[in-house]
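Biologist: Can you walk me through this model? I'd like to go one piece at a time.

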Amino acid sequence: MTEAYTLLPFQFGRFACDEYLAVNESGEYLFIDRISLEKLIHGDLPRENPHFDDLRSKQFIATGNLALAIDMIATRYRTRKRFLSEFTSLHMLVVTLRCNQDCTYCQVSAENDEAEQFDMTPASAEKSVEMAFRSPSPNIKIEFQGGEPTLNWPALTSAVLKAEELNRTAGKNLDFVICTNLTNMTRDMLEFFRDHKVGISTSLDGPPHLHDECRVLRKGGGTYETFCKRLQEVRAVCGPENVSALMTTTSANIDSLPEVVDEYVRQGFNGIFIRSLNPYGLASENAEDLGYSMEHFAKSYEKILDYIIDLNLQGTYFAEFFATILLSRILTPFSTGFVDLQSPAGAGISGVIYDFNGDVYPADEARMLARMGDQRFLMGNVFTDSYEKIFGGSVLQEIVAKSCVETMPGCASCVYRAYCGSDPIRNYLETGDIVGRRSGSGFCSKNKSVMEILFRKIKENDNRVMDVLWSWITGRRLACQLKVEERCCENH
Amino acid sequence: MKTIKGIATNTSEVIIGKVVIGWSLNRSGKVLVSQKGTSLPFGYRSVISTVAGRAAGNTPRLQISESDRSSLHDGDCISISPNGTLSVLWDTTVETNSLFLTETCDCSCVMCPQSPQGKDEENFLISEELVELLSPSQVKTICITGGEPTLFSIRFLDLMKKIQKKFSKAHVLLLTNGKTFANFEFAREFAGIGFRDLTVCVSLHSDLEETNDLIAGVPGSFYKTVQGLYNLARFRQRVEIRHVVSRLNANRLEQFAHFVYRNFPFAYHIALMGMEMSGMASDNRDQVWTDPYDYRGSLAQAVKFLHRTALHVSIYNIPLCLLFEESRPFARQSISEWKNVFNSRCHDCRVKEVCCGFFETSGQMVSSHVSPILT
Amino acid sequence: MEDVRNGPSKKREGDEITVSFDSTIYEKESLLAAAYTLTGSYTVSICENEGKYLVTIRPSFDGVSPLSDEKIGHLINDTLDEQLRLHLERRSGQLRDIIVQHAFSPINIYEAVGNKDIRQ
């Protein structure tokens, strides 16, 4: 017997053989066979169909109060987009383009040591921080980038002190992070970081032979030895919980990722971000040597994910951060602030970058474009323009209008749309157009592959694997998960 | 609640009072409990003794057995009705006591352990009196329940304000179907009372609107309960979701768990509960009875899922032998002492001390799989 | 044109492939949507002729091989999927707009969808 129902909006896509994956505006997912899917869409799905109740429960169809169903989905939608209410919380300061290293894949195309003309002055740093505090977000994270930021100590310290001064009245949740290679670190610097609670984000590409293959000093030679020494010092002075590392996948290490992970475990890190190459700057010049296809990346990623899950099952808590972000989007109703994959794009509205002279850009790639002569994405300047002009101006408005995957051809009907986002600057770099052609691009193909890998795991629903994946999402170690706290009962 | 049968004299209406054992000068609101009675009963609301009261004066009297007399404690609050029934409204020896504001409800759940009642005011008056009689030091945990306690909305809010003010340090539980909270103004006013330590326990029966309303007995319940939950969340109230498992919803335990997590992730605690087979549940047993042993698998999965998400989850009213071992750490001592019994089969059970046992009120309607855990 | 059965038929001419779709079964929008995914490496042109849509696919650059039979099969299946998406969009697209609107700027949903309860 056919029961009348109202179809609610959702996306679907072929998943395997005869099976389809469907995802709706709440972010709920469901696996369904083709025949049922066709019947469902044509309004003929019978009550007895095994999917019927789940379709109702998960808000793919409504059989009762339609207004309530809409209200519930809208509530979920709003929750997923919660990051919007934060507006700009990440503020990156490029304090210098100089670097003591010359990593082969570096996208900043750092200048030589003498290029001090591109150093941020303390005045510029302070003015940028003032602009950052104009943001309505209750959370402000100031991230120091370069080149190697420790090479411009005056600007860095001015920025930190200025931010703290402003926060005495602003009362925001203020965080600092420095992205550093660690090889220029001194004891004094570490103490400053400790005293002002500056988090440290560094790069480790694997065991010595892999790390030193790409991450070399400008004057020549590897950096692994120095890195390890400094890491120990950082941990001792600042505390191990304040240091994290990320790695860049290149053709040098793409087939040796287990060794990279082993190195991370050995060095005491509790997680890793398996990052693919960005095709900009130096990286694109060396693309042929460094590069690999996205199919290759996807295969290696799947292998390393299994390797890491296995590590966890054997008792070592270790997370893969990219998977964690995507799994949070798929399995939880919450919003995740991951600027690189947001809809509308995070560039500008969630994170901005301040250049040495106070120019403001929505992303680092936009800053590099400007250096190469294309000022398309210059939002304004902290010395000459108001907050409203910079953050409410036409550059940002255009980016927002053209980066909602919900309305972009190809993306709008993609099954993973609810969990995905866009990178308009990258689209522009690759195609000359902000909207670009995402379908078939490296960015799209990578994200789709990883989503597929994750959904295969979700579909398999192995209890032990799901325990591990959830332990990454909640940050609660497996051992703690399995032991239940005693609670006194609230009885009736 | 615990009741005692006695013989009442001079009692023409319901008396409420606080027990005092032994002669006392401070008699306001008190009921004297003594073995011999007293020749000077003036000022007490009633005198309870084990001997027939002397005819002196008009003071109400109640005669009860010796064993019943020794079960009353100093500070207990009781009611005595003209037919000689003594009810213990507040037992000072237990951690949690309940205030029954009313027996009426705007739902009629098929598995409700109470029977449907007509409109009554009496319970509300008794509750108000109880709040007057109790002293703050007596109230550690107070459970506001009914029927549906929020039904007399204005008077309910006034009473809650009194409770918040007088028992400001107490842990307060409100058991409700949540429908009144669908009214935004009501929710706002309730939140404005400013309880320091309050949990609002809302019953939800299914992830499917039609099934929920079938169980609740009133169409539109699902809609109102969901709106109520949203409003409670808007006002940052601590919310617990209670789910009573019956034959009508046992087949969707896991799906329910997913539904709750994804739609009400702000919930502080989820309680998955076995039935008390009395009242409506007993009348409807053919429709609602299901053996918890049969759904222990999906219960285990539901609990495992909720626990993974870092939500607090508990199992109430299901004995340990009817659960998979992995679920047992989540089971709680959930049955009020006065109606908590064990089966003859439980005699040799090693975990009897930590098991919730059974409802005395369920009578013979228990699982056929009850058996002692010997290892 | 081989046209032995009702399914889409194909014809190869050098690097070019033309697939014909019965226009009473396949809508133009579905074809456009399915063909869009090929436009990275191929040039696609569509025209209508005597109740059929003719989709011509040619490699855009050197080094791109002509569309394989397997990929043609994908195109045909994708068109069917896009057809289904079209149906879905027609039936639920308006609700999506209401959802997004209500999410950010709460509206009176009952006014928007009517006091619709299927059980009544």
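Biologist: Which residues does Phe256(B) touch, not counting residues up to four places away in sequence?

Modeller: Keep in mind that this is a predicted model. In it, Phe256(B) touches Leu204(B), His205(B), Ser206(B), Asp207(B), Ile241(B) and His243(B), with residues up to four places away in sequence left out.

Biologist: Where is Phe256(B) found?

Modeller: In helix H7 of chain B, which covers residues 253-263.

Biologist: And is Phe256(B) buried or exposed?

Modeller: Buried. Its relative accessibility is 2%, and the cut-off for buried is under 20%, so Phe256(B) counts as buried.

Biologist: How far apart in space are Phe256(B) and Ala52(B)?

Modeller: 57 Å, going from C-alpha to C-alpha. Along the sequence they are 204 residues apart.

Biologist: Staying in chain B, where does Thr85(B) lie?

Modeller: Thr85(B) lies in strand S8, residues 85-90 of chain B.

Biologist: What joins the side chains of Thr85(B) and Asn83(B)?

Modeller: A polar contact of 2.8 Å.

Biologist: Leaving aside neighbours within four places in sequence, what is Thr85(B) in contact with?

Modeller: Thr3(B), Ile4(B) and Lys5(B), plus Ser79(B) and Ile80(B).

Biologist: Let's look between chains. How many residues of chain B are in contact with chain A?

Modeller: 44 residues of chain B, and they meet 36 residues of chain A.

Biologist: What area is buried there?

Modeller: About 3,700 Å² between chain B and chain A. Carbon and sulfur atoms give 48% of that. On the chain B side, Arg262(B), His307(B) and Arg308(B) supply 23% of the area buried against chain A. That is more than any other three residues.

Biologist: How many salt bridges are between chain B and chain A?

Modeller: The count is 4. In one salt bridge, the side chains of Glu28(A) and Arg262(B) meet at 3.2 Å, N to O.

Biologist: Now chain A and chain C. How many residues are in contact?

Modeller: 41 residues of chain A are in contact with 28 of chain C. The two chains bury about 3,100 Å² between them, with 64% on carbon and sulfur atoms. Phe12(A), Ile70(A) and Arg437(A) supply 18% of the area that chain A buries against chain C, more than any other three residues.

Biologist: How many salt bridges between chain A and chain C?

Modeller: The count is 2. Arg14(A) forms a salt bridge with Asp81(C), where the closest N and O atoms are 3.2 Å apart.

Biologist: Which elements of chain A each supply at least two residues to the side that touches chain C?

Modeller: Strand S1 (6-7), strand S2 (10-16), helix H1 (34-41) and helix H3 (66-80). H3(A) gives the most, with 8 residues. By class, that side of chain A has 19 nonpolar, 12 polar and 10 charged residues.

Biologist: What pattern does chain C follow along the sequence?

Modeller: It reads β-β-α-β-β-α-α. That is 3 helices and 4 strands. Of the 120 residues in chain C, 35% are buried. Its accessible surface comes to about 7,200 Å², with 46% belonging to carbon and sulfur atoms.

Biologist: Back to chain A. Why is helix H15 described as largely enclosed by the rest of the structure?

Modeller: Because 7 of the 8 residues of H15(A), residues 364-371, are buried. Among them are Asp364(A), Arg367(A) and Leu369(A).

Biologist: What do the buried residues of H15(A) pack against?

Modeller: Strands S6 (90-94), S7 (139-145), S14 (351-354) and S15 (359-361), and helix H18 (424-431), in chain A.

Biologist: Which residue with a positive phi follows H15(A)?

Modeller: Gly373(A), with a phi near 110°.

Biologist: One more. Where is Cys214(A) placed?

Modeller: In helix H8 of chain A, residues 208-214. Cys214(A) is buried, at a relative accessible area of 3%. The C-alpha atoms of Cys214(A) and Gln397(A) are separated by 38 Å.

Methods
Residues are numbered from 1 along each chain as its sequence is written. Chains are lettered from A and ligands numbered from 1 in the order in which they are written. This is a predicted model: local features need pLDDT of at least 70, side-chain atom pairs count only at pLDDT 80 or more; totals for chains, interfaces and linings use all residues. Side-chain values use heavy atoms; hydrogens and water are left out. Contact means heavy atoms within 4.5 Å. Buried area is the accessible area (1.4 Å probe) that two parts lose on being put together, summed over both. Buried means under 20% relative accessible area, exposed over 50%, partly exposed in between (1.4 Å probe, protein chains only). Accessible areas come from the Shrake-Rupley method with a 1.4 Å probe; for residues, only the protein chains shown count as cover. Ala, Val, Leu, Ile, Met, Phe, Trp, Tyr, Cys and Pro count as nonpolar, Asp, Glu, Lys and Arg as charged, and the others, Gly among them, as polar. A polar contact is a pair of N or O atoms within 3.5 Å; within protein, one must be able to donate a hydrogen and the other to accept it, and residues adjacent in sequence count only if both atoms are side-chain atoms.
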